[in-house]
Amino acid sequence: MKITVAKNAGFCFGVKRAIDIARISTKKKEPVYMLGDIVHNENVVRDIESAGIKKIKNISRIQGGSSLLIRAHGSARKTIEKADSLGLEVIDATCPMVKEIHKVVRDMDEKGYRIAVIGDYNHDEVQGIVGQIQHKAIVLENITDIEKKIPPNLKKLAIVVQSTQNLEKVLKMQGILKKRIPDLEFHNTICSPTRLKQDEIKTLPKKNDCIVVIGSKTSANTKRLYEIAKSINRNSYWVKSSADIKKDWFKGVESVGITAGASTPDKTIQEVKEYIQKITA
């Protein structure tokens, strides 16, 4: 069996940085809490919790003198302000590329633009982006949202994009909005690791009989990789680990392409590769 692992599969810079920051924070004497999952991968979160960081949903219960770890996806400004008011030390593991989106949103808001975010409404990153400003931002998940959510007489609109969105979909939405809004500021904030992964997954399914995409079911960027792969090669599968793999997938298959979301550890990728080699030997 020929197995090809995509060059850019797995951890991106922002995820590696967040995990490194989390591990360093475990050396602190005072308690360290993280608001939600530091990244969207169950194994990574489990490892971080095992190292001593406690996951919480509400920071109001944390006592002063403790530390709050901000996840890679970022957080709303009111969360940081609340942490400061409680006397917490904020350890910011927000991806620098996400922080750049925050800056764009604040700048455009100050210039009087209505803000729209192309992204998944309930995703942590999107909620952190819209939470940068007091004015209500518009979240556009798909093309049909444009008709539903964009006011008919809106004159000024600034658009940013969730960093892990599908570029082709975003550009289609930009084209529609450009015809409707007289003063449109479009900021393509899809991050470079996402673009590289998406470029690879547009060619990998054409060169292989079967595709395996590895990542958590809560991972937005993994979902996008799977959707692109499936649209090109119907023999594409999305797994969290080797435990999800079925031997039947590889009947008559001579080549397998593997990629993984930005929060998937190298160890998991290697385990999947070795398991496929084992069951197809």
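A salt bridge is a side-chain nitrogen of Lys or Arg within 4 Å of a carboxyl oxygen of Asp or Glu. I keep that cut-off at hand for these entries. The model I am reading is a predicted one.

**Entry 1: salt bridges**

I started with Asp 145 and Lys 149. Their side chains meet in a salt bridge, at 3.9 Å from N to O. That value counts because the cut-off is 4 Å. Both residues belong to helix H6 (residues 144–149). They are four residues apart, so about one helical turn separates them. Asp 145 is buried, at 9% relative accessible area. Lys 149 is partly exposed, at 35%.

How many salt bridges does a search of the whole structure find? I noted eleven.

Next I looked up Glu 89 and Lys 28. Their closest N and O atoms are 3.0 Å apart, in a salt bridge. This pair links distant parts of the chain, 61 residues apart. Glu 89 is in strand E5 (residues 89–92). Lys 28 is in the loop between helix H1 (13–25) and strand E2 (32–35). Glu 89 is partly exposed, with a relative accessible area of 37%. Lys 28 is partly exposed too, at 27%.

**Entry 2: around Gln 162**

I then turned to Arg 224 and Asp 120. Their side chains form a salt bridge of 3.0 Å, N to O. Arg 224 is buried, at 5% relative accessibility.

Gln 162 touches both Asp 120 and Arg 224. I listed other contacts of Gln 162, among them Val 117, His 123, Glu 125 and Ile 190. Is Gln 162 buried or exposed? Gln 162 is buried, at 0% relative accessibility. I found Gln 162 in the loop between strand E8 (156–161) and helix H7 (167–180). The side chain of Gln 162 reaches the backbone nitrogen of Asp 120 at 2.8 Å.

**Entry 3: aromatic rings**

I counted three aromatic pairs in the whole structure. In one of them, the ring centres of Tyr 226 and Trp 238 are 5.6 Å apart. Their planes stand at 35°, so I wrote the pair down as tilted. Tyr 226 lies in helix H9 and Trp 238 in strand E11 (residues 236–239). The pair therefore ties together parts twelve residues apart in sequence. Trp 238 is buried, at 17% relative accessible area.

Tyr 237 and Trp 249 form a stacked pair. I noted 4.0 Å centre to centre and 5° between the planes. Tyr 237 is in strand E11. Trp 249 is in the loop between E11 and strand E12 (255–260). Tyr 237 is buried at 19%, and Trp 249 is buried at 15%. Which residues do ring pairs link into a cluster? They are Tyr 237, Trp 249 and Phe 250.

**Entry 4: charges over rings**

I looked for lysines over rings. The charged end of Lys 54 sits over the ring of Tyr 33, 5.8 Å from the centre. Lys 156 lies over the face of Tyr 113, 4.4 Å from the ring centre.

**Entry 5: Leu 86**

Last, I looked up Leu 86. This residue is in the loop between helix H3 (77–85) and E5. Leu 86 is partly exposed, at 26% relative accessible area. I noted contacts with Ile 59, Ser 60 and Gly 64. The C-alpha atoms of Leu 86 and Lys 230 are separated by 47 Å.

Conventions:
Residues are numbered from 1 along each chain as its sequence is written. This is a predicted model: local features need pLDDT of at least 70, side-chain atom pairs count only at pLDDT 80 or more; totals for chains, interfaces and linings use all residues. Side-chain values use heavy atoms; hydrogens and water are left out. Helices (H or I, at least four residues) and strands (E, at least two) are DSSP runs, numbered from the N terminus. Buried means under 20% relative accessible area, exposed over 50%, partly exposed in between (1.4 Å probe, protein chains only). A polar contact is a pair of N or O atoms within 3.5 Å; within protein, one must be able to donate a hydrogen and the other to accept it, and residues adjacent in sequence count only if both atoms are side-chain atoms. Contact means heavy atoms within 4.5 Å. Rings of Phe, Tyr and Trp (its six-membered ring) pair if their centres lie within 6.5 Å; planes under 30 degrees apart count as stacked, over 60 as edge-to-face and the rest as tilted. A charge sits over a ring if NZ of Lys or CZ of Arg is within 6 Å of the ring centre and within 35 degrees of the ring normal. Lists of a residue's contacts leave out its neighbours within four places in sequence.
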